[in-house]
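Here are a few notes to read with the model open beside you. Take them one at a time and find each residue as you go.

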Amino acid sequence: MIIHFLAKKELFQRRMTNWLFQKLHAIPVDRQSGIAIRPVRRSLKVIENGEVLGIFPEGKRCKNEERVKPKKGVAFLGVKTGAPVLPIAIIFLDTKKRIRKPVKVVIGPMMYLNELKSSDYTVLAEAVMDRSRELREIYKV
């Protein structure tokens, strides 16, 4: 199974990383311009083709316990396609290692955003983030 991820366009600027992220089926997003129509169309196509799209609702990497307001994209795509959203918590384990710290990945039950009693993308994105945070708290080491 291939997971397509949204990734900042800066990762595609060098030849080697461009090649790598193309092979990883990443979809470039220009976060500076605010124009997201191309990555949104590609994301919709991925989902409509029955493939898997990975989204970090925060829109960036976050440290453990860092609280960031989620972007609305996860809610928009979940509502627009009716596809289930699978909340995931990535927990960096506390070790003495400085490089390549081990992580625990916790996968929660699927959420169907169309079933929630809101049409506000901000509220729905927060619901996804809350579920991921709950998973992090339950399975924290």
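1. Which residues does Val74 touch, leaving out those up to four places away in sequence? Keep in mind that this is a predicted model. Val74 is in contact with Ile55, Pro57, Val85, Leu113 and Ala125.

2. Val74 also belongs to the largest nonpolar core, which has 8 residues. H4 gives the most, with 3 residues. Apart from this core lies another one, of 7 residues, including Ile27, Val46, Ile47 and Ala83.

3. Now look at how H3 and H4 meet. They pack at an angle of about 100 degrees, and their axes are 7 Å apart. Angles of 65 to 115 degrees count as roughly perpendicular, so that is the word for H3 and H4. On the H3 side the contact is made by Val74, Ala75, Phe76 and Val79, and on the H4 side by Tyr121, Leu124 and Ala125. Sort the residues of this contact and you get 7 nonpolar, no polar and no charged.

4. H3 has another neighbour to check: helix H2 (residues 37-48) packs with H3 at about 45 degrees, with the axes 11 Å apart. That angle makes H2 oblique to H3, and H2 passes H3 in a right-handed crossing. H2 brings Val40, Ser43, Leu44 and Ile47 to the contact, while H3 brings Phe76, Leu77, Lys80 and Thr81.

Methods. Residues numbered from 1 in each chain as written. Predicted model: local features only at pLDDT ≥ 70, side-chain atom pairs only at ≥ 80, totals over all residues. Heavy atoms only, no water. Core = buried A, V, L, I, M, F, W, Y, C linked by side-chain atoms within 4.5 Å. Buried < 20%, exposed > 50% of the residue type's maximum accessible area, 1.4 Å probe, protein only. Helix = DSSP H or I, 4+ residues; strand = E, 2+ residues; numbered from the N terminus. Contact = heavy atoms within 4.5 Å. Axes fitted to C-alpha atoms, helices over the stretch in contact; angles between N-to-C directions. Parallel < 35°, antiparallel > 145°, perpendicular 65-115°, else oblique. Nonpolar A, V, L, I, M, F, W, Y, C, P; charged D, E, K, R; others polar. Left-handed = near helix turned anticlockwise from the far one by under 90°.
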